[in-house]
Amino acid sequence: MAPALPSTAKHAVKAMVQSSSRALSSSASAMASSSAPSPSDKAKRFTLDASQSHKFPHGFLATGLHCGIKKDASKLDLGVIISDRPCSAAAMFTKNAFQAAPVTISKDVLKKGKGTARGIVVSSGNANAVTGAQGLKDAQAMSDALDSFLEGSSSSTASGTLVMSTGVIGQNLPIKKILSGITSSTATLGSNFAAWSDAAKAFMTTDTFPKLRTRTFELGGKEVRMVGIDKGAGMIHPNMGPPGALHATLLGAIVTDAAVSPASLQSALTFAVDRSFNSISVDGDMSTNDTIVVLANGASGAKEVSEEQTPEEFVKFRTELTDFAAELAQLIVRDGEGATKFVKVVVNGAPNYEGAHKIASTVSTSSLVKTALHGQDANWGRILCAVGYSSPNFTIDPTKVTVSFIPADGTAELKLLVNGEPEVVDEVRAKEILEMEDLEIRIELGLGEESATYWTCDLSYEYISINADYRS
């Protein structure tokens with residue numbers, strides 16, 4: 001047995017190890033981030049361009065302002081969206097057991113309104129989650145405050161305000177500041193780009209850019225418009241369901257001047273979210289507050305869409321909503337905390353969609369896969385390992401599985417595994433692909449015709465830094 005080290009020697013060894021560890025971490029971080037997109041670069045590339053022409057839905061107004069939740073007065077923390085008439089309303093909410101107070105209140109609003117609403121109020125900087133009875137009172141007060149304005153602002157007395165909050169968990173809202181802010185917001189409501197941009201900024205917490213998008217399409221011979229806002233960069237691995245089910249945060253609001261029946265709107269949103277917001281992951285953590293809401297006010301003049309009465313128009317609307325939701329959801333992954341990669345995980349050849357989705361989700365949330373992506377290491381065994389323990393609702397045949405890297409520049413794919421047999425991988429080529437910001441991991445199962453897509457990012461040193469200091 002070796003003799004015990006003297007106390008002074010132990011301290012010296014410990015200090016040397018810590019110093020070496022810090023040096024290695026610093027060196028690796030610098031190397032990995034040398035070509036990483038900076039927050040300012042992301043903001044420049046992905047913020048909606050104000051100089052371009054954007055069409056916002058008829059009948060909606062929006063605004064954003066600072067009410068005092070955030071310490072920095074230059075950062076907006078209260079967003080309001082209203083319609084000049086009653087809307088069909090649909091929503092998807094987190095399945096986290098510790099659902100935040102705004103989730104509970106918004107469910108009640110939808111239930112009482114039988115799938116109708118007129119407004120959305122969003123606060124950022126405080127999640128109003130795990131705040132007990134006071135949190136519920138505060139969320140209800142936010143809804144009631146905007147309802148009071150809506151009931152007195154037009155010929156229609158219809159109201160119904162959905163509430164969303166995001167930020168730190170376990171702290172009560174500064175409700176007096178928020179209620180005062182809601183009153184002030186009614187004077188700054190607008191329908192132009194600046195108004196919608198301010199509303200998008202009010203959603204933000206650790207986001208590096210406001211996530212605002214618009215879309216136009218034809219429905220029933222009429223032009224229909226959509227605008228969407230979402231936020232999220234961390235605590236992102238949504239699993240949302242419709243209001244009837246028990247169920248840094250994902251929040252999203254889409255409003256449209258299409259006319260869609262409440263039941264059909266909920267059906268379309270459920271389909272869309274499963275293929276968009278429920279198909280992204282930054283860190284594998286499901287928030288207490290995840291919420292996506294859609295309002296449709298019919299101001300376009302198009303005839304009402306119904307899944308039963310107008311099935312073709314319904315499918316067209318659902319497709320547009322799904323594509324739009326996917327566009328918004330991908331912005332969240334691109335803005336993932338510390339993310340330097342945008343990775344599309346595609347699973348093909350599955351017997352059913354649910355199983356393919358489960359495999360894609362498992363690969364996308366694997367810490368080993370995500371760290372390998374950050375280190376630009378073609379360690380495809382980690383991908384296979386994740387596929388193997390994903391436990392889909394069918395049996396995987398390892399002899400039929402093929403895995404490839406697909407580069408974003410349109411050049412040839414790099415096969416890593418073909419029908420269960422490993423390829424001789426060109427490491428230089430693999431490195432070239434993994435150095436790209438965008439890439440695809442494609443997994444072929446050879447068992448059926450169904451496929452699923454997930455969007456994820458790498459796991460970096462910066463992610464740890466952001467979340468280690470989140471409250472300080």
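Helix α9 covers residues 353-365, and its 13 residues should span 18 Å at 1.5 Å a residue, which agrees with the 18 Å between its end C-alpha atoms. This is a predicted model.

**Helix α9**
- Ten of the 13 residues of α9 are buried, so the helix is largely enclosed by the rest of the structure.
- Among these buried residues are Tyr353, His357, Ile359 and Val363.
- The elements that cover them include the helices α7 (262-274), α10 (367-374) and α11 (380-388), together with β11 (342-350), β15 (438-444) and β16 (450-457).
- At the start of α9, the backbone nitrogen of Glu354 has a side-chain oxygen of Asn352 within 3.5 Å.
- Tyr353 also has Arg275 over the face of its ring, at 4.5 Å from the ring centre.
- Arg275 lies over the face of Phe271 as well, at 3.7 Å from the ring centre.

**His374**
- Helix α10 contains His374, which counts as buried because its relative accessibility is 7%.
- The side chains of His374 and Asp458 make a polar contact of 2.8 Å.

**Aromatic pairs**
- Three aromatic pairs are found in the whole structure.
- One of them is the tilted pair of Phe46 and Phe209, with 5.9 Å centre to centre and 35° between the planes.
- Phe46 belongs to helix α2 (residues 39-46) and Phe209 to the loop between α6 (193-202) and β5 (211-219), so this pair ties together parts that are 163 residues apart in sequence.
- Phe46 counts as buried at 12% relative accessibility, and Phe209 counts as buried at 0%.
- Phe56, Phe193 and Trp196 are linked into a cluster by ring pairs.

Terms used
Residues numbered from 1 in each chain as written. Predicted model: local features only at pLDDT ≥ 70, side-chain atom pairs only at ≥ 80, totals over all residues. Heavy atoms only, no water. Helix = DSSP H or I, 4+ residues; strand = E, 2+ residues; numbered from the N terminus. Expected span 1.5 Å × (residues − 1). Buried < 20%, exposed > 50% of the residue type's maximum accessible area, 1.4 Å probe, protein only. Contact = heavy atoms within 4.5 Å. Polar contact = N/O pair within 3.5 Å; in protein donor to acceptor, adjacent residues only side chain to side chain. Phe/Tyr/Trp six-rings, centres within 6.5 Å; stacked < 30°, edge-to-face > 60°. Lys NZ or Arg CZ within 6 Å of the ring centre and 35° of its normal.
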